[in-house]
Amino acid sequence: MARVLITGAAGFLGSHLCDRFINEGNEVIGMDNLITGDLKNIEHLFELPNFEFYNHDVTKFVHVPGPLDYILHFASPASPIDYLKIPIQTLKVGAMGTHNLLGLAKEKKARILIASTSEVYGDPLVHPQTEEYFGNVNTLGPRGVYDEAKRFMESITMAYHRFHALETRIVRIFNTYGPRMRLNDGRVIPAFIGQALRGEDLTIFGEGTQTRSFCYVDDQIDGIYKLLMSDYVYPVNIGNPKEITINQLAHEILELTGSDQRVINKPLPADDPLQRKPDISKAAEILDWYPLVSREEGFAKTFEYFKNIPNEELFKREH
Ligand code: NAD
Ligand code: UDP
């Protein structure tokens with residue numbers, strides 16, 4: 001049984017990671033300051049003797065008593081709307097938060113995996129994106145706070161690996177969806193499903209010709225788990241390479257929800273990447289990992305979750 005610290009534990013991916021590590025028979029410490037997460041994502045774990053929760057902001061010194069075998073650093077605002085609203089915290093959690101957790105990993109001699117992102121490729125000029133591509137990020141644009149925090153996070157992690165011989169892993173996560181996303185966090189799948197459920201028109205930003213490749217959460221968690229258990233220290237893309245336009249996505253969501261609303265166009269946010277699709281040959285070769293869940297199956301499970309959320313949450317306006 002390993003002792004595992006998961007930051008961002010009350011968020012979408014963090015809460016699914018807690019479940020996975022608990023199910024594998026480990027002791028899990030979840031840490032979160034609840035800035036974009038919600039305790040209801042992990043409340044089912046509170047009764048368990050092998051789960052503990054620390055309400056803590058990881059940009060402040062992180063102390064965990066006792067030994068630790070693994071640290072998974074997932075704390076960070078993750079949706080464009082969130083990180084545009086809290087840009088300084090986003091930079092701090094990627095920079096100071098990561099530094100604190102690397103220091104903790106060094107003290108505990110723990111292996112640490114950090115959550116990087118396809119956003120390190122910016123608005124990519126290479127398609128699909130391989131891990132060797134250095135990216136095309138506008139450091140000064142509004143999304144730069146997230147992209148550059150994540151790029152710094154990768155650099156400081158490699159520095160700790162090289163300078164302190166720390167055991168490190170870096171996952172570059174591509175758009176992932178599923179139950180426990182916040183309906184109003186602005187990310188496109190919950191945004192469209194929420195609009196469909198409220199009987200509103202679906203808002204497509206720009207012409208809707210931009211592309212994304214959506215990965216179901218179970219596949220993502222499995223890839224992250226395999227990467228942590230591997231001995232590979234360089235970044236690995238984890239995502240589903242099935243690419244679609246946002247127009248196509250809107251129509252699939254209308255069909256899924258049986259809605260007859262229209263789609264309407266809104267301005268495209270600054271630096272919104274025009275195309276995104278992971279090259280996953282490294283994950284396939286090193287981890288023997290491939291996504292298994294089709295969009296149809298993943299969308300159906302996600303819709304089932306959102307269909308059951310209470311009306312006050314469905315109609316809550318955050319932005
Ligand atoms: P989320 O917003 O659901 O979860 C993030 C969690 O981190 C929240 O519970 C939030 O309260 C917590 N948090 C933020 N700042 C914190 C701080 N200073 N101290 C402690 N806790 C803090 O987002 P998510 O989709 O679960 O993303 C988790 C991680 O995965 C993030 O690092 C994100 O950058 C990365 N990621 C996610 C995706 C995706 O598609 N979901 C894609 C790329 C990268
Ligand atoms: N998007 C959209 N309508 C929405 C929300 C998002 O058309 O209501 C678009 C957004 O401009 C982007 C894509 O959907 O091109 C994916 O957005 P998301 O925020 O989910 O992820 P990211 O841009 O970080 O990949």
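Student: Which strand is joined to β8, and by how many bridges?

Tutor: In this predicted model, four bridges join β8 to strand β13, residues 263–266, and the two run parallel. Within this pairing, T203 stands opposite I264 in β13.

Student: What does β8 supply to the shell around ligand 2?

Tutor: β8 gives the largest share of that shell, three residues. Helix α5, residues 188–198, also supplies at least two residues of the shell.

Student: How many residues surround ligand 2, and which are the closest?

Tutor: There are 15 residues around ligand 2, and the closest are R187, V188, A191, F205 and Q210.

Student: Changing topic: what is the strand order in the open sheet of seven strands?

Tutor: The order is β3-β2-β1-β4-β5-β6-β11, with parallel pairing. The edge strands are β3 (51–55) and β11 (236–238), each of which pairs on one side only. From one strand to the next, the twist averages 20°.

Student: How many bridges join β5 to β6?

Tutor: Six bridges join β5, residues 111–117, to β6, residues 168–173, and these strands run parallel. There, T117 stands opposite I173 in β6.

Student: Which strands does helix α4 touch?

Tutor: Helix α4, residues 144–164, packs on the sheet and touches β5 and β6. Its direction makes about 155° with that of β5.

Student: And which strands does helix α3 lie across?

Tutor: Helix α3, residues 87–108, lies across β1 (3–7), β4 (70–73) and β5. It runs at about 175° to β4.

Student: Which residues touch the most other members of the largest nonpolar core?

Tutor: That core has 71 residues, and I6, I71, I112, V171 and F192 touch the most other members. Leaving aside neighbours within four places in sequence, F192 is in contact with L202, L249, A250 and I253.

Student: Finally, which residues does UniProt list for a domain?

Tutor: An unreviewed UniProt entry lists residues 4–230 for "domain: NAD-dependent epimerase/dehydratase". Over residues 4–230, the chain is 37% helix and 19% strand, and the end C-alpha atoms are 16 Å apart.

Methods
Residues are numbered from 1 along each chain as its sequence is written. Chains are lettered from A and ligands numbered from 1 in the order in which they are written. This is a predicted model: local features need pLDDT of at least 70, side-chain atom pairs count only at pLDDT 80 or more; totals for chains, interfaces and linings use all residues. Two strands pair if DSSP finds at least two bridges between them. Axes are lines fitted to C-alpha atoms, for helices over the stretch in contact, and angles run from 0 to 180 degrees between N-to-C directions. Two residues are in contact if their C-beta atoms, placed from the backbone, lie within 7 Å. UniProt positions are given in the numbering used here, feature names are shortened, and annotations may be inferred rather than shown by experiment. A nonpolar core is a set of buried Ala, Val, Leu, Ile, Met, Phe, Trp, Tyr and Cys residues joined through C-beta atoms within 7 Å. A residue is buried if 20 or more other C-beta atoms lie within 10 Å of its own, exposed if 12 or fewer, and partly exposed in between; C-beta atoms are placed from the backbone. A residue is near a molecule or strand if its C-beta atom, placed from the backbone, lies within 6 Å of it.
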